[in-house]
Amino acid sequence: MFDGGTARSLARQSVLVAAVCLVTDAVSFLTRGPEAVGPLEAVVLVGLVVADAALATAPRYSGWVALAHAVLLPALALVLPGRSVNTAGQLVSAYRAGAWLRGRPAAATVVAMAFGVLSSLWIGGATNPFAVVTLVTANTVLPWLVGRYTTARKEYVDELRRQREAQLRDAQAEVGEAVTREREAIARDLHDVISHHISAIGVHAAATRMTLAGPVPDSLVAVESAGRAAMVDLRRLLDLLHDGESAGLPGLGKLRELVDGVRAAGLRVALAVYNDPCPLPPAVDTTFYRVAQEMLTNALRHGDGTAVRLELDYGVDSVSLTARNRLTSRRTSPVAQQGSGRGLRGMRQRARAFDGTATAGPTADGQYWETSVTMPTGATS
């Protein structure tokens, strides 16, 4: 199917072809024709002009246009003795018939045009059979075959394109199925391994809290709360892996709840938010929340365990999240401070997925470790 622009372009080109054929044949008739144009010559000239103008009509009329040129050929041979049998319009009409017609109409058209050329040659006195066959072939069969070849080649290319598109769709479907199977396998592993251990931690913490006769330590309550929160997040992740949707996943709107949970574990957290919050794509919002989790976990595990400052800065085109905590020892290497480094690599990968950046390292005075992640507000994965 052609769009409006393509159809208009083809219509303009057909008008141009018709105009060129009309001018060429009319000028040829007047310059190489009879010395005087009588009534019969005028009728033939008008017919030639009309037949050439008809080349601008719709392709469904190609057979009738070719038939008109076939009728004109013997008429031209009558009024223009010794003139060449072919005209520009006749050649183009033969091409159009081959390109647009199929089946019996196409066969009937090429036969009619061949008969027209043959009649004009007979009227002109041609007797050499080889010359007659050559002229008939060159003026009717050859342009007709070129038209059919052009259309057949286009159909072949279109078929290759359709096959390629079908292969791409099948490949994408296979990739999608493989990803779905992998997500389901990961979900099963998370459910069978991690969820059971986290549930056990929560159950034991709750049981211990209920058996204590005296005041319950805040750290024990924090362990129980963290276990429940981890189970909620894990169920959301399992739903995401099973269904492929991110609805209900946490974002920066729950950052204060995350900070409160870390404070319950004994780490002082100072949270600073700069400028008014702006809406973020759901995937970016969830990524910032996961980055904040990793930053606070690193501060709790690898810092001095006393305090961390978390800064959330909403810029015009980007959002930045920065965490700064005191190192346990000024002589300890940054790599040792950060354990295996998988958490930092994970943050960098999360940031790169949304055209963002992530940096981590000690401050200039060597007393603090600072981690910062920045992502565009309009980022998409």
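Reader: Is Cys21 buried or exposed?
Author: The model is predicted, so to speak of local features pLDDT must be at least 70, side-chain atom pairs count only at pLDDT 80 or more, and totals for chains, interfaces and linings use all residues. Residues are numbered from 1 along each chain as its sequence is written, and side-chain values use heavy atoms, leaving out hydrogens and water. A residue is buried under 20% relative accessible area, exposed over 50% and partly exposed in between (1.4 Å probe, protein chains only). Cys21 has a relative accessible area of 5%, so Cys21 counts as buried.

Reader: As what does Cys278 count?
Author: The relative accessibility of Cys278 is 25%.

Reader: How many disulfides does the whole structure have?
Author: A disulfide is a pair of cysteine sulfur atoms within 2.5 Å. A search of the whole structure gives a count of zero.

Reader: What is the average pLDDT of the protein chain?
Author: pLDDT is the predictor's confidence in each residue, from 0 to 100. In the protein chain, 80% of the residues score at least 70, and the average is 81.

Reader: Which residues does Thr109 touch, beyond four places in sequence?
Author: Thr109 lies in helix 5, residues 103-124. Helices (H or I, at least four residues) and strands (E, at least two) are DSSP runs, numbered from the N terminus. Thr109 is buried at a relative accessible area of 7%. The residues Thr109 touches are Gly63, Ala66, Ala97 and Leu101.

Reader: Within what arc do the buried residues of helix 11 fall?
Author: In helix 11, residues 342-352, the buried residues include Leu344, Met347 and Ala351. Seen down the helix axis, the buried residues line one face. The arc is that of the directions from the helix axis to the C-beta atoms, and here it is 60°.

Reader: Which exposed residues does the face of helix 11 turned away from its buried side carry?
Author: The buried residues of helix 11 are covered by parts that include helix 9 (282-302), strand 4 (357-362) and strand 5 (368-376). The face turned away from the buried side carries Arg342 and Arg352.

Reader: What percentage of the residues of the protein chain count as buried?
Author: The protein chain has eleven helices and five strands. Of its 381 residues, the buried share is 34%.

Key: Contact = heavy atoms within 4.5 Å.
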